[in-house]
Amino acid sequence: MSKQLNLMAYKNALLGNQNSYKFALGLAIINTIKSDRKISYTKIAKEIARYYFKHHFIYKINETNNLNQKPIVITILEEYMKIKYGKKIIPTKLTNNDLDNLSIYLIDPSKMKCKVNDLEIKKKLNKQGFFYYTLPCWQHASKENGKKYYSYKQKDENDYFSYDIDEQEIVITDSFYKLITKEKELLKYITVTEWVKFAEKFNITPRLYQKISLDKPKRNNQKFRELFDNIKILEGNICYICGEKIIRKREKTLDHVIPFSYVYSCELWNLATAHKTCNSSKGNKIGSPNMIKKLIRRNENLWELDDDIPAKYKKKYYKYFKNTFNCKQDIAIRIQKLVQDCKEAGFQQMKSKRGQIL
Ligand SMILES: [Zn+2]
């Protein structure tokens, strides 16, 4: 007979012995539960793969403060991507096939055949997978009778679910199921908030809540298009990335000079014209030092324009640009600081091309 659960009890269950797996499992259960209350490990593992892929490869969020002790989930993802994509640019989304494969490896990492003959990695992959430690730890990991290590049981139950490592299945308790049906959104909110509180100790990145929750802000470049088309300084027929002319209109795109996946919002000061092809090959990288210089100068000129902005666009000019900065000097300081933070977070910066027109 499981006890009556409420939001506070759930929140408390997330505290203590924290690691990111705890939050990931909570979130995966809330997101995948169906009325039969049973969830296979495979299904949960796919969710987990999705979360960590986005966090690690797209947003470059650290899941632990010890970089030498990466969670096994990250090691598996990194190895998988290395084998599949080599040095090519990693796509922003996992395919169904990726999720199928990754779910197998997350449950049992030793099934993964790593291409590189790296003993260190092989040793890591011979350890237990995601569920082995996470399930017994979920509600309260206790060191039994003063033992040095936690004991991980193959079968057990807590107030939230029972599980069976051999059957590879989780069964949600009646009271947790009731709580999820009633308070799904609040439970998600609590889980993400606790994950953010945990992660912000060792991450400096804007909009951590949105990133961890995988809530995607609208990339509404369209509203900026109008400004680019009608304010001379902005409308460039030169590609910021390669420095060549943009001849055909359909080749013209707006690039986020500091990557969108770091800034995580669309900002006029961060957008610049670029060829479609140049833009996609730039991917997740920060614009080169030359591009940054050029961007700062353009924004400073844009700041000066003020009275010369056509009346029709004045409101947008203030809303999306002028109100964002305190003064003209603020522009360079803020952009350089963001570039620095972005680099520290692990994003690569493009190299400046020699002889590029600035
Ligand atoms: Zn170009």
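The following legends describe close-up views of a predicted model.

**Conventions.** Residues are numbered from 1 along each chain as its sequence is written. In this predicted model, local features need pLDDT of at least 70 and side-chain atom pairs count only at pLDDT 80 or more, while totals for chains, interfaces and linings use all residues.

**Figure 1. Overview of the protein chain.** The secondary structure of the chain consists of 15 helices and 6 strands (DSSP runs numbered from the N terminus, helices being H or I of at least four residues and strands E of at least two). Along the principal axes, the C-alpha atoms fill a box of roughly 75 × 50 × 35 Å. Of the 358 residues, 30% are buried (a residue is buried if 20 or more other C-beta atoms lie within 10 Å of its own, exposed if 12 or fewer, and partly exposed in between, with C-beta atoms placed from the backbone). Among contacts with a separation of 6 or more, 68% join residues 24 or more positions apart (two residues are in contact if their C-beta atoms, placed from the backbone, lie within 7 Å).

**Figure 2. The nonpolar cores.** The largest nonpolar core has 53 residues, and Ile48, Leu106 and Phe130 touch the most other members (a nonpolar core is a set of buried Ala, Val, Leu, Ile, Met, Phe, Trp, Tyr and Cys residues joined through C-beta atoms within 7 Å). Beyond its neighbours within four places in sequence, Ile48 contacts Ala24, Ala28, Val73, Leu106 and Phe130. A second, separate core has 23 residues, including Leu271, Met291, Leu295 and Leu302.

**Figure 3. The four-stranded sheet.** An open sheet is formed by 4 strands in the order β1-β4-β3-β2, with antiparallel pairing (two strands pair if DSSP finds at least two bridges between them). Its edge strands, each pairing on one side only, are β1 (38-40) and β2 (155-157). On average, neighbouring strands of this sheet are turned by 15° against each other, direction ignored. Strands β1 and β4 are joined by 3 bridges, and Ile39 stands opposite Ile170 in β4. Ile170 also has Tyr163 opposite; β3 and β4 pair over 4 bridges. Helix α3 (residues 41-58) lies across β1 and β4 and runs at about 65° to β1 (axes are lines fitted to C-alpha atoms, for helices over the stretch in contact, and angles run from 0 to 180 degrees between N-to-C directions).

Figure 4. Ile172 belongs to β4 (residues 169-172). Ile172 counts as buried because 22 other C-beta atoms lie within 10 Å. Leaving out residues up to four places away in sequence, Ile172 touches Ile29, Ile33, Arg37, Tyr160, Phe161 and Tyr177. The C-alpha atoms of Ile172 and Asn158 are separated by 9.6 Å, with the two residues 14 apart along the chain.

**Figure 5. Two loop residues with positive phi.** Most residues other than glycine have a negative phi. Gln168 is not a glycine, yet has a positive phi of about 55°. This residue is in the turn of the β3-β4 hairpin, which has 4 residues between the strands. Gln168 counts as partly exposed because it has 15 C-beta neighbours inside 10 Å. Asp306 also has a positive phi, near 30°, and lies in the loop between α13 (289-305) and α14. Asp306 counts as exposed, with 11 C-beta neighbours inside 10 Å.

**Figure 6. Contact of helices α10 and α14.** Two packed helices are described by the angle between their axes and the distance between the axes. The axes of α10 (residues 222-230) and α14 (residues 311-320) come within 11 Å and cross at roughly 115°. The crossing of α10 and α14 is left-handed (the near helix is turned anticlockwise from the far one by less than a right angle; clockwise would be right-handed). Phe224, Leu227 and Asn230 of α10 meet Tyr313, Lys316, Tyr317 and Tyr320 of α14. By class, this contact has 5 nonpolar, 1 polar and 1 charged residues (Ala, Val, Leu, Ile, Met, Phe, Trp, Tyr, Cys and Pro count as nonpolar, Asp, Glu, Lys and Arg as charged, and the others, Gly among them, as polar).
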